[in-house]
Amino acid sequence: MPEVPPDLIDRLAAADHVAALTGAGISAESGIPTFRDPGGIWDEFDPQELANVDAFLDNPKLVQAWYQHRRQIVQEAEPNAGHQALVALERHVDRVSVITQNVDDLHHRAGSRRVVELHGNITRSYCMDCERDADPDTVDAAIQNGEPAQCPDCGGLIRPDVVWFGEMLPPAAVDAARSAAHAADVFFSIGTSAVVYPAAQLPVTARQAGAYVVEVNPDRTPLSDDVDAFLQREAGTALPAIVQALNEAKKE
Ligand code: APR
């Protein structure tokens, strides 16, 4: 059982609001590749070729097929012990806000009740022109037929509901994330390389607002020297250990 800092447990036991920023690392143990680790997504694909609107307009079929491939990976994956530990934390803390950079829907599937999706959600698609939600089966059928998936209402191209490089993050999600960072008594940064902004600013904002900041990552990041506790462990090991230590502390 990895060592859990006693002051973290004391802070969690007294906390009204906990916020957790998560990145691809929390889903790594569900079999979903991260972006920047060796063998990660950006090792195999150039984000400039796929995850941006110009690439999409240049070759909608390729980009739609790539996201369909990623959707299949996500749909075959299951939430892991790290996702589930964040749900279990809701039994001890009145308000747990999960602020995720991930688009894999695993926090929702695990049962987290407050999920802020900073970068969207790959299981949703919409029409670029009329913005109507698109039926995933429509998209899959078009891709199977080797055609670009188009909106049945207006003929516009259908795109995944994810934030591409160069695009604005959903303002409501950014506002909710910043509010959670300001309000948090304890702020977790879990499984993120802490290099993509504005998400990477959130733990700094939380600490400046008085939160106890914890990083959970097997590797060091630019944030690691500026936190109250750095748990150099996988999320699937560290987070259940924290919840178990909190359970035991509450029994005393
Ligand atoms: N548990 C916890 N952390 C892990 C684990 C694990 N089991 N495995 C890997 N990690 C860590 C890595 O050490 C790394 O620091 O997860 C982090 C993953 O970093 P990235 O691949 O950069 O993913 P992320 O931080 O989510 O990227 C942010 O960049 O490309 C964009 O939109 C994309 O949302 C993404 C954003």
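Arginine 220 and aspartate 225 form a salt bridge, with their closest N and O atoms 2.5 Å apart. The model is predicted. Arginine 220 is partly exposed, because its relative accessibility is 48%. Aspartate 225 is exposed, with a relative accessible area of 62%. In total, eight salt bridges were counted.

Another salt bridge joins arginine 207 to aspartate 228, where the closest N and O atoms are 3.0 Å apart. This pair links distant parts of the chain. Arginine 207 belongs to helix H11 (residues 202–208), while aspartate 228 sits in the loop between strand E7 (212–216) and strand E8 (229–231). The two residues are 21 residues apart. Arginine 207 counts as partly exposed at 36% relative accessibility. Aspartate 228 counts as partly exposed at 34%.

Glu117, Arg124 and Asp161 are linked in a network of salt bridges. Within it, arginine 124 meets glutamate 117 at 2.9 Å, N to O. Glutamate 117 has a relative accessible area of 15%, so this residue is buried. Arginine 124 is partly exposed at 35%.

Glu29, Asp37, Asp43, Glu44, Asp219 and Glu234 form a negative surface patch. Aspartate 37 lies in the loop between helix H2 (25–28) and helix H3 (41–44). Its relative accessibility is 34%, so aspartate 37 counts as partly exposed.

Helix H6 covers residues 60–76, 17 residues in all. Buried residues of H6 include Trp66, Tyr67, Arg70, Arg71 and Val74.

Key: Residues are numbered from 1 along each chain as its sequence is written. This is a predicted model: local features need pLDDT of at least 70, side-chain atom pairs count only at pLDDT 80 or more; totals for chains, interfaces and linings use all residues. Side-chain values use heavy atoms; hydrogens and water are left out. Patches are made of residues with over 30% relative accessible area and no salt bridge: like charges are joined within 9 Å, nonpolar side chains (Val, Leu, Ile, Met, Phe, Trp, Tyr) within 5 Å. Accessible areas come from the Shrake-Rupley method with a 1.4 Å probe; for residues, only the protein chains shown count as cover. A salt bridge is a side-chain nitrogen of Lys or Arg within 4 Å of a carboxyl oxygen of Asp or Glu. Lys and Arg count as positive and Asp and Glu as negative; His and the chain ends are not counted. The place of a charge is taken as NZ of Lys, CZ of Arg, CG of Asp or CD of Glu. Helices (H or I, at least four residues) and strands (E, at least two) are DSSP runs, numbered from the N terminus. Buried means under 20% relative accessible area, exposed over 50%, partly exposed in between (1.4 Å probe, protein chains only). The expected span of a helix is 1.5 Å times one less than its number of residues.
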